[in-house]
Every structure is written in C-alpha cells, then in structure tokens.
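Hello,

Here is the structure I promised to pass on to you. Have a look at it first, and my notes follow below.

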Amino acid sequence: MIQALALALFALADAPPRIGAKIAPFSFVDTRWLSRSLDDFGEKKAFVVVFTTVDCPLAKRVLPRVAELEKSWRERGVAFLVVDVGDDDDLVEVAANAVEAGLEFPCARDFDGAVRRALQPTRSPEVCVLDAARVLRYRGRVSSEERLGGATAAPVVHDLAAALEDIVSGRSVSRPETPLEGCKLNPLTELEPARFVPDYTELVQPILAQHCVSCHAIGGSAPFELETPAGAQRHAAMIGEVVLQRRMPPWFASERYGHFANERRLTDAERRVVLAWAENGSADSAGREKQPENKPKTTSNPVAAWRIGTPDLVLESEAIRVRASGTVPYRYVVLPHLFTRDTWVERVEIRPSDPRVLHHANLGFYTLGGDVKAANFITGQVPGGDPMDLGVGTAALIPAGSVLGLQVHHVPYGVATEDVIQVGLRFPRDVVRKRMRHHEIADMRFAIPPFAPAHPVRATRTFAEDSVGIGMFVHMHLRGRDMRYDARFPDGHNETLLLVPNYDFNWQTAYRWRKDAMLFPKGTTVECLAHFDNSAFNPWNPEPEKRVTFGQETTDEMMYGFLFYVHQNEDLELAIDPSNGGVIERSSK
C-alpha cells in the first residue's frame, strides 16, 4: 500500500502541468552561456517556448516555419524561445541550428533541467505557450503539417497561430491541446554519481595542462590558476560547470564545417574524466577536502618566456594606466620604431606585462604620418591565443616607411594597474618564398536598425590568383551574433568554410587550417554573412533604440572577416638578413 502510494505521488509529481496552471519561474542558458529568464524579454502578451534537440529531424523541418511565424507575431507582443533539451547537445551546435533555420529570436540550453521540470515536454518539437501572467494556455504542435513521415497533403491546421490569436485577443484558447508527433525525449533524471574517481595526477592534471594552463597559469591571463593541484581543487565546481556546458576550452566554430589545426575541444573521454573528478574526485569519501601535495609543475608559466623564441626586435609601448573598474575605451598605441627598409617577419608575439587586463590587442602597420586606426592588420593577441608563426618559407612584409600600431582593449579587474605591451618580431632564417596576404572581407556602410534582433550584413572578396589558405578571423563588437564564410568555386560548387554561430566579443578567436589543406583556385569568391543583435534581449547591447553604424569604438559596430593566404605559385626566393629582416641583395656577378 505504501509502495503504491509512493508510486502514485511520484507519477503525480512528474505529470505535466495542466492547461490553466501558473508556471513557476525558470531559468535557462542562452547561446552566450548566460543564465536568463523570461523576465529578460520584458513585458509580453505571450511567450512561445519550443522544445527541440539538435538532431531531431522533425525539429529541423519545423524550425524554419517557426522562424517565419515569429516574425509575424513579433510586433504583436509575442516572444519566442527555443530551448534545447537534448541529453548532451553542444550549445555551439544549438546556435548553429538556429542560424541555419533563420531564427532571429533567442535559443537556449536547459542544462539543469529547470525548463523541463516546469513544463514537462515529452517530444521534440513540442510547443508550450504562456500568457503574460505565465499561465499555460497551449501545448502541442505548430501545425497539423508536422508528421514524422513527411508533410501531409491534407489541409493544414495552424494550431499555434490560432492559439496565439486567441491569447492576444483576450479569448480562451479554442483548442488548448493538440496531438504531437516528434522525437520522444528521454526521461529527465538526476545525474548519477560518478562510478569512478579519477586519479588527479595520472588522469586529470594532463588534461588541464594540455587544454587549460595556457591561460590558467600562475600570472597568466585567466582569473585563477589551474597549474597546481591545489589551484585546481579550489575551482573544481567551476571547472565541472564550464566543462559540462562546453564553455571551456573556448571554441566557437560549429563542428559541421571545416577542420582546424588549432581546434580546442575536449574529447568525450576527457570530458568524462574531468566531470567525474569535479563531481567527487576533489574530496574524499567523507566529504572533506583533500590536501594534495603541490608537486613540481608540469608546465611553465607562459608569460615567463617568449613563445616565438628569442625575438630579433622587441618594441615596447609606454605604460598604459588601467583603472580599477568601469569600461575602458579602445586605445591606439604607436610603437616607437620606424622601419627604414622593407622588413620580413615570420613570427610575431604580442605580450602584455599584466595579462589580466588585456582583453585583446591587434597589430598593424601604417605609413608614418597616416592614421593608426587604419593600420594594415598583421596579427592579434587574445587570451589563450597563439602567437603568429608562419613556418619556414612564408613571411609577412612590413613596408619601408612604416610604423607599427596597436589597437588595445583593456578590461579592469578590480585593482588599478599599468600595462606595458611588448611586441616581439622574429626575422626569417630561411629563404622567403611566399608572402602572407589577407582579404579584408568587410562592410563599412551598414546601418543596423533599432531593436533589430538579427540584422544581416554581407561582404565578398575574390581571389585573383591560385591561393592556399592559412586561416580566418572574425571580428564584430557587442552586437555581433554570428558569422559564416561561404566559398563559391570556379567549378560551380559551394562550400561553407566556417560558421561561428554564437560569436562572443570576449573571445577574438582565430581559425587556422592545417598546412596546404585549403586551396582556392583563381576566381573563387568568398562571402562573409554576419548578423547583429540590436535587441533589448542582448545583455551587452548599450542602446537598443539606437541606429548603429560602423565605428572604431566598442559601442559602434564592425563587420570584418579576415582570410589569410599565400599565392600558390609564388616563389620570391628572398634571402633575409636575420639581424634586421631586410633582403640581402644578390650580387650582380
């Protein structure tokens, strides 16, 4: 009898809320990895929550229709939200699905099951509609056209649209529940305790050393160190959260397009090890904290030595004061050196004295007396990024009469400080055969309307010679939402080179191809398509009511797609003086 009562209560607790039930507040994680709630939409007449999984075929067919439906209801006070509830779906791929379906409204992941517990969906793509008071008014399908076997030939009943018409008109929903086909969701269960406790030294520390310590070193750019066992133990819970969400290591390219030499992902096996350790491996069976022995470090502090080797020329900025709090506008810093001859460099490293405050720095050259803001881009430095190393036989040219300038973005961390930025240049030791070049795929004439949630901006460039790709770089500001590179080849085929579906201004990441892996025949055109989120839902947006145009400040916008390459058939045969980077003139004899 007691067992039967317990089962009945369990079933009642898991029963979906009835139509007319008040839904308790819930949170979700948006594609910026920020915790959000329905309150972030502001006052709305209705909220449409669509439950999906990344690989549900019916969801893939339905989402483009939902995208069109949202556009027609946006001005009538209805907010839409897609919530991914796949068991282990990657948030980057959730965002990629949204881009490819043309969604202009927010998407999210239900990492902790809060949304599922509140609304109890059973299939993907199930729809729940709440009114302004957060009362459940509709549950079911988008329309009768949704069938697992394909679209029906029968007249289509637009159930969701009819329910929304009733709600915004103040009527009872005539058909509050509709039958639903789709992908059956696995039961929502609590995470089971790890079946094994990984040994930190043997299994966990090598993973942290390979994927984390380049930033999380003692004195590194990250806010805490993971170089020692004690440092890792102190932050075990945080490590578990960011690894579970795939927020760390930071990588923003969708895995469905392109293969990159600098890809930063944990393997499934590595994730399992770190999550098992973070869950209960950092405390003993009695729940007391372990006191791990601080063994000698397996990695060296990345700010202690130049990663490009000893530079041949080091240029240094003046001390830049960074206040303790608030926002810091971009600074443009001119480095005190005039290049009196054409100078070739094969490695470049940008190194701050206080990496905690340097968000990013971009390096370029410009003619003395020109505008530092219009410098020709060479390379950049971001937390976790690699210095420029072009390899044997390839180099970048700094023309005679040029100086170097830095675009610098600092972020305060609570203590006033000074930062001195060094730029180290290493000249080629071998014959230079190819010059690194780049396409600046940019639009500087766009205008983003007020409150636009996904304003498109396009730009194209065409290869004038057979070329070999080196890598790509995406740059936007606070409203940047996503960007993709698409190539149209002379033989008629198209290829997506890169999709960054959830661009994050805080991570100016480069995407490098493996050597000689990406060929661009003469006449290949590359298009960059970016979307900008000027809506009030964007938490970084300073002025959603503002019409936004191109500008140098963070509160303005930029749309840059940089594509670096060399000419495939070029052979410069330049012998370089390693003491100054200049060309050694050949004898006339």
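Is phenylalanine 41 buried or exposed? Phenylalanine 41 counts as buried because its relative accessibility is 15% (buried means under 20% relative accessible area, exposed over 50%, partly exposed in between, with a 1.4 Å probe and protein chains only).

Before you read on: this is a predicted model, where local features need pLDDT of at least 70, side-chain atom pairs count only at pLDDT 80 or more, and totals for chains, interfaces and linings use all residues. Residues are numbered from 1 along each chain as its sequence is written, and side-chain values use heavy atoms, with hydrogens and water left out.

Buried residues make up 53% of the 589 residues in the chain. The C-alpha trace spans about 100 × 60 × 45 Å along its principal axes.

Now the aromatic rings. The whole structure holds 20 aromatic pairs (rings of Phe, Tyr and Trp, the last by its six-membered ring, pair if their centres lie within 6.5 Å; planes under 30 degrees apart count as stacked, over 60 as edge-to-face and the rest as tilted). Phenylalanine 41 and phenylalanine 47 are edge-to-face, because their ring centres are 6.3 Å apart and their planes at 65°. Phenylalanine 47 counts as buried at 2% relative accessibility.

Phenylalanine 463 and tyrosine 565 also make an edge-to-face pair, with 5.0 Å from centre to centre and 75° between the planes. Phenylalanine 463 is buried at 2% relative accessibility, and tyrosine 565 is buried with a relative accessible area of 8%.

Finally, ring pairs link Phe377, Phe473, Phe550, Tyr560, Phe562 and Phe564 into a cluster.

Best wishes
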